[in-house]
Amino acid sequence: MKAESETHSAGAPRIKSILGSFQGFGGGALRRPTLDEMNRVFTVIVLGWAGVVGSVVSILFIGAILHAFLRLFQRKIALPADRGVWAIAVAFVFYCAADAISGTVNYDGWNTLSEVVETLPFLGFAFVYGRLSLSERKDVLNSVEFAAISGSYLTLILVIFEFAFTGHVRAEGMAGNSGVLALIAAILYGFCLLSTVRRQGKLRWLALTAAVAAGTTLLLTGTRALWPFLVIAPFIPLAILRPRINWPVARKAALIAMLPIIAVAYLTFHMVEARFEAIVNDFEKIESGDYNSSIGDRLILWRNGLDLAAERPILGQGPGAAQGPDSKTIGYTHFHNFLLNAMVRSGLLGVAAILGMFIVPLWVLIRRRHDEVSQFGIAILVTVQTAFLLSGSVGIMLGHDIHDALFIYATITASFLVLGGRRPGPEGYVSVA
C-alpha cells in the first residue's frame, strides 16, 4: 500500500494537505454526502468542537450508533473482523454490564434505570468502528488534526466572548461546566502537540499556536486537576513518536512561542494565582475543622464513599447510589474519584470494568503498531487516557454525556488508526490497512 504519511517530506506542506480529506464534500451540485465524508465531518465535530457545540456531540454519537445499525442492515458497512477490535469492544460492553448487574441486584426504580441507560452508548463501539472503516486511515488522521487545530481556535474565541459578555470567572464554553471544558481543552492541546511533531513548515506552526490556544483555554477553566497535563502532554509525542529533534528549529520555535506564552501568562495570571490561593485557604480551613470548601467537600465525599463501598464491596450500592448521610454533599452526583465512584456504583466488578477500558485498548494497540499512522494512533490513545485519568482523579471521568462520547469515539479512532478495518467491496470485504 502507498505510504500513508507525508510527515517528514522535504519542504513545507501546504494547508490543503490537512484539508485534503474534505475535498469534494458538498462540491458542485447538491448531493448526499458519502459515508466516508460523513465520517470525516463527524470526526471533526466530535473530537474537535465539543467545547463549541456542547452536548450536540453526544447526540451525534448516539445518532452514529443508530445510523451504523441501519447501514449494517443494508449491508453497506461490515462489523470488524479483527480480534483486537472485539477485545476492546467487549471491554466497553463489560463496563455497561457491570452497572446493569449491580443495578439489577440493587434496583431502585427509575433512578437505577436512568443511570444504566446512560451507559448504553458504550455498547456501540463495534458498530461505529465498522462505519469508520469506510474511510482511509490517513484521512481519519488528517481529520483528527483538523479537528484539534480548528477546535482549539474556535473554543478560545468562544471563551473570550464568554468572559467579555457573561461575567463568568471560570470558562465553561458550550460544555456548560468548567471541568468538562477543561477535559476538552486538554485533549485538544495534546492532539495539537502530536500534529506539531507530525507536520512540517507552516502547518507545524499552525498546530503549535493552536496548542497554545488550547492551553490558554485549559488555564482559564480554573480546573487545577488538569493543569499538570500542560507539562505531561509534551512528553507523550517524545516518548511514543520519538522524533528526531532539529535543535536549530527547536530553538527558533521556542523563540517564536515566547510571545504568545507571555500573552497567555498575562491573561491567566490572576486566574492561576486565585486558584492556588484557594488551595492554601482550603487547607487552612480544614486544619481549623471547617470543611466548607472545595477540598473539604471532596474529603467528606471520599469518607462517605469509602463507608458505602465497604458495605457492599462486590457489586456496590447500585448506579445512582446516595452520596451518604452527610447533607453537605447531597448535591453531588458522583464521588470525585473514578475508582471510588466505580466501587460505590458496582463494587469490584465496576472497578475491573472501568480499568479494563483503559488497559485492554492500550495492551492491544501497543502490540499491533506497524507503521507511522499506527504510532500516532497509540499516541492519541495515551493522550486521551492521560487526560481522562487526571480528570477522574479528583473530579468526574465518565458519566457525563460529553465525556462519554469523547472517550468512546476517541478510543474508536485511535484503535482504527492502529488496527484498520474492513468494508464491503464489489468482490467481498476489502481490508483497510
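## An aromatic cluster to start with

Let's begin with a group of rings: Phe92, Tyr95, Phe122, Phe125, Tyr129, Phe358, Phe388, Phe407 and Phe416 come together in one aromatic cluster. Keep in mind that what you're looking at is a predicted model. Across the model, the count of aromatic pairs is 12.

Take one of those pairs, Phe92 with Phe122. Their ring centres sit 6.0 Å apart and the planes meet at 35°, so this pair counts as tilted. Phe92 belongs to helix H5 (residues 83-105), while Phe122 is in the loop between H6 and H7, so the pair ties together parts that are 30 residues apart in sequence. Are these two residues buried or exposed? Phe92 is buried, with a relative accessible area of 0%. Phe122 is buried too, at 1% relative accessibility.

## Another ring pair

Tyr189 and Phe229 also pair up, and here the arrangement is edge-to-face: 6.3 Å from centre to centre, with 65° between the planes.

Tyr189 is buried, with a relative accessible area of 10%, and Phe229 is buried with 0%.

Now for the surface. Val93, Tyr107, Trp110, Leu113, Val117, Leu120 and Leu123 make a nonpolar surface patch of about 700 Å². Which helix gives the most to this patch? That's H6 (residues 110-117), which supplies three residues.

Leu123, another member of the patch, is found in the loop between H6 and helix H7 (125-132). Its relative accessibility is 36%; buried would mean under 20% and exposed over 50%, so Leu123 counts as partly exposed.

## Helix H7, under cover

Go on from that loop and you reach H7. How many of the eight residues in H7 are buried? Eight of eight, so to speak: the helix is mostly covered. The buried residues are Phe125, Ala126, Phe127, Val128, Tyr129, Gly130, Arg131 and Leu132.

## The chain as a whole

Stepping back, the protein chain has 17 helices and two strands. Of its 433 residues, 53% are buried. The accessible surface comes to about 19800 Å², and carbon and sulfur atoms account for 66% of that.

What about contacts across the sequence? Among contacts between residues at least 6 apart in sequence, 78% join residues at least 24 apart.

## How confident is the model?

The average pLDDT of the protein chain is 85, and 83% of the residues score at least 70. Which elements have the lowest and highest mean pLDDT? Helix H1 (residues 16-19) has the lowest, at 52, and helix H17 (residues 401-419) the highest, at 97.

Two stretches call for some care. Over residues 1-14 the pLDDT stays under 50, and the model gives this stretch 28 contacts beyond four places in sequence. Residues 324-330 also have pLDDT below 50, with 17 contacts in the model beyond near neighbours in sequence.

How values were computed
Residues numbered from 1 in each chain as written. Predicted model: local features only at pLDDT ≥ 70, side-chain atom pairs only at ≥ 80, totals over all residues. Heavy atoms only, no water. Patch = residues over 30% accessible without salt bridge, like charges linked within 9 Å, V, L, I, M, F, W, Y side chains within 5 Å. Areas by Shrake-Rupley, 256 points an atom, 1.4 Å probe, with all protein chains shown as cover. Salt bridge = Lys/Arg side-chain N within 4 Å of Asp/Glu carboxyl O. Helix = DSSP H or I, 4+ residues; strand = E, 2+ residues; numbered from the N terminus. Buried < 20%, exposed > 50% of the residue type's maximum accessible area, 1.4 Å probe, protein only. pLDDT = per-residue confidence, 0-100. Contact = heavy atoms within 4.5 Å. Phe/Tyr/Trp six-rings, centres within 6.5 Å; stacked < 30°, edge-to-face > 60°.
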